[in-house]
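Reader: Please take one part of this model and describe it closely, with the cut-offs behind each term.

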Amino acid sequence: MLDTRTRRTLAALILAGVLAPVQVIAHGDVAPQPINTDALPDVGEEWLTENPYRAEAAGEEVWRAAVRIGDSGFNQNCARCHGLGAVSGGLAPDLRFLEAEEYGDEWFAERFQHGYTQDGTTKMPAFGEILGQKAGWAIRTYIETRPEDDALESHAARLHVIRDDLMAGKGDAAAIREELLQVAGEVKTFSGAPIADSAVSRAAEALTDDPASFKHAAELLTLGLSAAQ
């Protein structure tokens with residue numbers, strides 16, 4: 001886990017552009033894809049300076065909706081340059097390190113609204129007027145809840161066992177879900193956000209008494225464990 005000082009240093013480097021190498025292609029030719037944000041509460045016309053969809057401010061139900069909508073919005077509009085799942089391949093800054101507090105929110109909102117131009121070349125288009133504020137904060141919520149790369153490492157052995165049991169249709173759904181939620185609560189984020197949206201939390205959310213949900217939860221764990229390797 002990164003300490004507070006390291007997080008602030010990385011965030012400062014992102015703002016200064018130090019972590020962003022010279023880009024070989026521009027973002028500017030990306031056509032923004034619309035995002036359905038009807039499930040999210042309105043936030044007004046004037047742009048906020050702090051994410052309104054965090055669980056502590058809006059409640060867990062709104063937070064989950066924002067993560068889900070932000071996931072779709074990010075991977076349709078931002079992943080081409082910032083990487084699938086917000087894991088940057090070096091073309092653009094790794095936004096997972098942007099601090100989950102007002103300092104990081106202000107930087108994100110500015111770039112999302114107005115884009116970024118360097119030496120007359122559009123490196124990132126302005127998304128604000130096209131996608132709107134609700135979509136922007138949903139994407140922000142998704143980005144800041146990305147887990148650390150090695151977040152599941154200490155739990156991998158047990159999660160493999162749980163995954164195999166679920167794939168075989170074995171085990172008590174309530175007990176397994178409780179265990180998954182306990183593990184999910186220990187998953188850390190790069191941004192310092194208190195809640196991570198991880199494969200474990202998604203598996204726990206998907207798991208019900210319906211036997212069909214066992215396989216779905218197992219598949220989600222498989223994806224998370226594969227990404228962690």
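**Helix H8 and what follows**

Author: The buried residues of H8 are Leu159, Ile162, Arg163 and Leu166, where buried means under 20% relative accessible area, exposed over 50% and partly exposed in between (1.4 Å probe, protein chains only). These residues lie on the same side of H8, because they cover an arc of only 100° around the axis; the arc is that of the directions from the helix axis to the C-beta atoms. This is a predicted model, in which local features need pLDDT of at least 70, side-chain atom pairs count only at pLDDT 80 or more, and totals for chains, interfaces and linings use all residues. Residues are numbered from 1 along each chain as its sequence is written, and side-chain values use heavy atoms, with hydrogens and water left out. Helices (H or I, at least four residues) and strands (E, at least two) are DSSP runs, numbered from the N terminus.

H8 covers residues 156-167, and its 12 residues should span 16 Å at 1.5 Å a residue, which agrees with the 16 Å between its end C-alpha atoms. The expected span is 1.5 Å times one less than the number of residues. Just after H8, glycine 169 takes a positive phi of about 75°.

Helix H9 comprises residues 173-184; its end C-alpha atoms are 16 Å apart, in agreement with the 16 Å that its 12 residues should span at 1.5 Å each. In H9, Ala173, Ile176, Leu180, Val183 and Ala184 are buried. Seen down the axis of H9, the buried residues fall within an arc of 100°, so they line one face of the helix. Ala174, Glu178 and Gln182 are exposed on the other side of H9.
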